[in-house]
Amino acid sequence: MRIYLAVSPGDLRDAAGFQTGLAHAAYRVGEGSSLLSRNLLMQSCGSPAGRGGLLMLSDCAAPPIQRPEALAGAVLRECSRRGYSGAVLDFEAPPTEDRRRFAAVLGRQCAESRRSLYLPEDYAAAGEQRTVLINTAVSGGSLEEHLQEVCRQYGGAQNIALDLQRLQMSFSLPARNGRGEPLTQEALQVLLRERQPAVFFSRDLCARYFTDSDNGESRFVLYDDAGTLRQKLNLGRQLGVAAAFLQWPEIRDIAAELLRRTSARA
């Protein structure tokens, strides 16, 4: 299983110190269906850190994609220029017809050029050669059973990749709707330090949890650390999953526990 760190240009040097591939979160959709990018930092030791890996394309605040062929062509040219083996669609907004059309065009072009394409589940039908991103931050049921089901749904584990979002959620009890509030890393650390709760491990969710009460209100806190993320990676390997993605800003503080460093050069 190939592990990728999604990293912005400003963090490229730090993230390049670990034995992972890099998904360069430096690209977004611009006006006129153009491909906009930020300058990628280059690293002098070994090969340039800005080359190789994957192109990660964001649709944050993007206009409609009216020329999908033109944008797909620009993505493929950038992949050739920088030696990227494929692209990741980091599309977070609800899917629209123009985004779906672009994903389908890019999928065909990636298949023709023998490049990988990683897509959110909402776009899973797009492309002839694509891998579907599955979020592992589940708060109910069994993560293993969920992954087994999506493997069957998408034709095998080789067609899915893990989106290892670092889970940090607080649920007011009773959590009838299963919806929680996200916690920042700082807020979680304050709770752990001040409350010193008994922390347990959920085998089904592959996450740690504890309960807490404040002003008569009870809550259930569910979170990931280096150990739980490592177990999720191991589960993916056992199932034969193609790849896994970690967001560098989310795991920066635990990267040394979670990932192997590259060998220092003399």
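Here, a residue is called buried under 20% relative accessible area, exposed over 50%, and partly exposed in between, using a 1.4 Å probe and protein chains only. This is a predicted model, in which local features need pLDDT of at least 70 and side-chain atom pairs count only at pLDDT 80 or more, while totals for chains, interfaces and linings use all residues. Residues are numbered from 1 along each chain as its sequence is written, and side-chain values use heavy atoms, with hydrogens and water left out.

View 1. Helices (H or I, at least four residues) and strands (E, at least two) are DSSP runs, numbered from the N terminus. Picture the C-alpha atoms in a box of roughly 55 × 50 × 35 Å along the principal axes. Of the 266 residues, 49% count as buried.

**View 2. Here is Arg-114, out in the open: it counts as exposed, at 75% relative accessibility.** You'll find Arg-114 in the loop between helix H3 (97-112) and strand S6 (116-120). Its phi is positive, about 60°, although Arg-114 is not a glycine.

**View 3. Cys-206 is another loop residue, this one between strand S11 (200-202) and strand S12 (207-214).** Cys-206 is buried, with a relative accessible area of 7%. Its phi is near 55°, a positive value in a residue other than glycine.

**View 4. Now for an open sheet of 5 strands, in the order S10-S9-S13-S12-S11 with antiparallel pairing.** Strand S10 (181-182) and S11 are the edge strands, each pairing on one side only. Two strands pair if DSSP finds at least two bridges between them. Strand S9 (residues 168-172) and strand S13 (residues 217-223) run antiparallel and are joined by 5 bridges. Look for Ser-172, whose bridge partner in S13 is Arg-219.

**View 5. Strand S2 (residues 21-30) has 8 of its 10 residues buried, so it is largely enclosed by the rest of the structure.** S2 pairs in the parallel sense with S1 over 4 bridges, and Leu-5 stands opposite Leu-22 in S2. S2 also pairs in the parallel sense with strand S4 (residues 54-58), over 4 bridges. There, His-24 has Leu-55 in S4 as its bridge partner.

**View 6. Stay with S2 and follow its hairpin with S3, which has 3 residues between the strands.** The two strands, S2 and strand S3 (residues 34-37), run antiparallel and are joined by 4 bridges. Gly-30 has Ser-34 in S3 as its bridge partner. In the hairpin, Gly-32 takes a positive phi near 70°.

**View 7. Last stop: Asp-11, in the loop between strand S1 (2-7) and helix H1 (12-15).** Asp-11 counts as buried, at 16% relative accessibility. Leaving aside its neighbours within four places in sequence, Asp-11 is in contact (heavy atoms within 4.5 Å) with Trp-248 and Arg-252.
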